[in-house]
Amino acid sequence: MESYPISIEWPSAATVAAWPPVEQCRRNVFERLGLVPGTKIAVGVDRLDYTKGILERLHAVERLLEMHTDWIGRFVFVQIAAPSRSSIEEYRLFDERIRDVSERINQRFGRAEYYPVHLLTKHHGHESLNELYRATDVCLVTSLHDGMNLVCKEFVASRDDERGVLILSRFAGAAREMSEALIVNPYHVEECAGALQRALTMPEASSANAWRACE
């Protein structure tokens with residue numbers, strides 16, 4: 001038996017040089033989402049599947065805003081949830097539940113022209129995702145059960161500026177390789193909320209060191 005590690009194609013120097021600057025990506029995302037300057041962004045990118053921990057992730061965001069009310073108006077969570085198996089009743093019900101929880105959080109903590117949760121249930125192309133990865137402060141990969149999960153590697157590969165913090169489920173295969181990420185138990189809401197708080201307040205030097213270790 002032989003081992004064949006799964007990963008991504010690391011971007012070449014020419015590919016990276018062609019990317020828009022990080023600050024341009026942030027301006028584009030801020031304008032598209034209607035965010036005010038200084039807002040912190042966390043992102044999750046998944047198929048709309050209950051194994052990806054999307055619901056638990058939303059509970060962690062809600063808990064963060066309960067414990068640290070100073071983030072209200074200054075933090076948003078963007079969940080990309082590509083439609084998956086929508087013909088199956090269980091998945092349709094899961095979709096409804098995700099929408100209901102997102103709406104509840106927005107009603108609890110939203111203000112005029114401010115919504116803490118942006119749920120985008122549609123497919124996004126590589127360029128659009130790369131722009132979002134480059135614009136975000138935190139990437140959450142909090143699967144309940146997963147294989148390698150390449151989203152975390154795509155996030156790290158996108159950050160040639162050596163910034164951004166990765167929160168990674170201990171149940172994703174990539175956690176064995178990327179131990180410098182903030183490793184969490186996705187079932188533990190308090191732990192995930194605490195990791196979010198730590199990620200959002202981490203000094204840039206510390207996030208850069210963790211980023212290098214995750215490469």
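Which hand, left-handed or right-handed, does the crossing of α3 and α7 have? The crossing of these two helices is right-handed, a crossing being called left-handed if the near helix is turned anticlockwise from the far one by less than a right angle, and right-handed if clockwise.

This is a predicted model, in which local features need pLDDT of at least 70 and side-chain atom pairs count only at pLDDT 80 or more, while totals for chains, interfaces and linings use all residues. Residues are numbered from 1 along each chain as its sequence is written, and side-chain values use heavy atoms, with hydrogens and water left out.

**Overall architecture**

The protein chain has eight helices and six strands, where helices (H or I, at least four residues) and strands (E, at least two) are DSSP runs numbered from the N terminus. Read from the N terminus, the order of elements is α-α-β-α-β-α-β-α-β-α-β-β-α-α. Of the 215 residues in the protein chain, 51% are buried; buried means under 20% relative accessible area, exposed over 50%, and partly exposed in between, with a 1.4 Å probe and protein chains only. Among contacts in the protein chain with a separation of 6 or more, 74% are accounted for by residues 24 or more positions apart, contact meaning heavy atoms within 4.5 Å.

**Helix packing around α3**

The axes of α3 and α7 come within 8 Å and cross at roughly 65°, which makes α3 roughly perpendicular to α7. The α3 side of this contact includes His59, Val61, Leu64 and Met67, and the α7 side includes Val189, Cys192, Leu196 and Leu200. Cys192 counts as buried, at 7% relative accessibility.

Helix α3 also packs with α4, at an angle of about 10° and with the axes 10 Å apart, and α3 and α4 are therefore roughly parallel to each other. Residues making this contact include Ile54, Leu58, His59 and Leu65 of α3, together with Phe94, Ile98, Val101 and Ile105 of α4. Axes here are lines fitted to C-alpha atoms, for helices over the stretch in contact, and angles run from 0 to 180 degrees between N-to-C directions. Angles under 35 degrees count as roughly parallel, over 145 as roughly antiparallel, 65 to 115 as roughly perpendicular and the rest as oblique.

**Aromatic pairs**

The structure holds three aromatic pairs. Rings of Phe, Tyr and Trp (its six-membered ring) pair if their centres lie within 6.5 Å, and planes under 30 degrees apart count as stacked, over 60 as edge-to-face and the rest as tilted. Two of the pairs are set out here.

| Pair | Centre to centre | Angle between planes | Class |
|---|---|---|---|
| Tyr50 and Phe94 | 6.5 Å | 75° | edge-to-face |
| Phe171 and Tyr187 | 6.0 Å | 65° | edge-to-face |

Tyr50, in the loop between β1 (40-47) and α3 (54-67), and Phe94, in helix α4 (residues 89-109), are 44 residues apart, and their pair links distant parts of the chain. Tyr50 is partly exposed, with a relative accessible area of 37%, whereas Phe94 is buried at 10%.

Phe171 lies in the loop between β5 (165-169) and β6 (182-184) and Tyr187 in the loop between β6 and α7 (189-201), so this pair ties together parts that are 16 residues apart in sequence. Phe171 is partly exposed, with a relative accessible area of 32%, and Tyr187 is exposed, at 52%.

**Cysteines**

The structure holds zero disulfides, a disulfide being a pair of cysteine sulfur atoms within 2.5 Å. For Cys152, the closest cysteine sulfur is that of Cys139, at 7.6 Å, which is too far for a bond. Cys152 counts as buried, at 0% relative accessibility.
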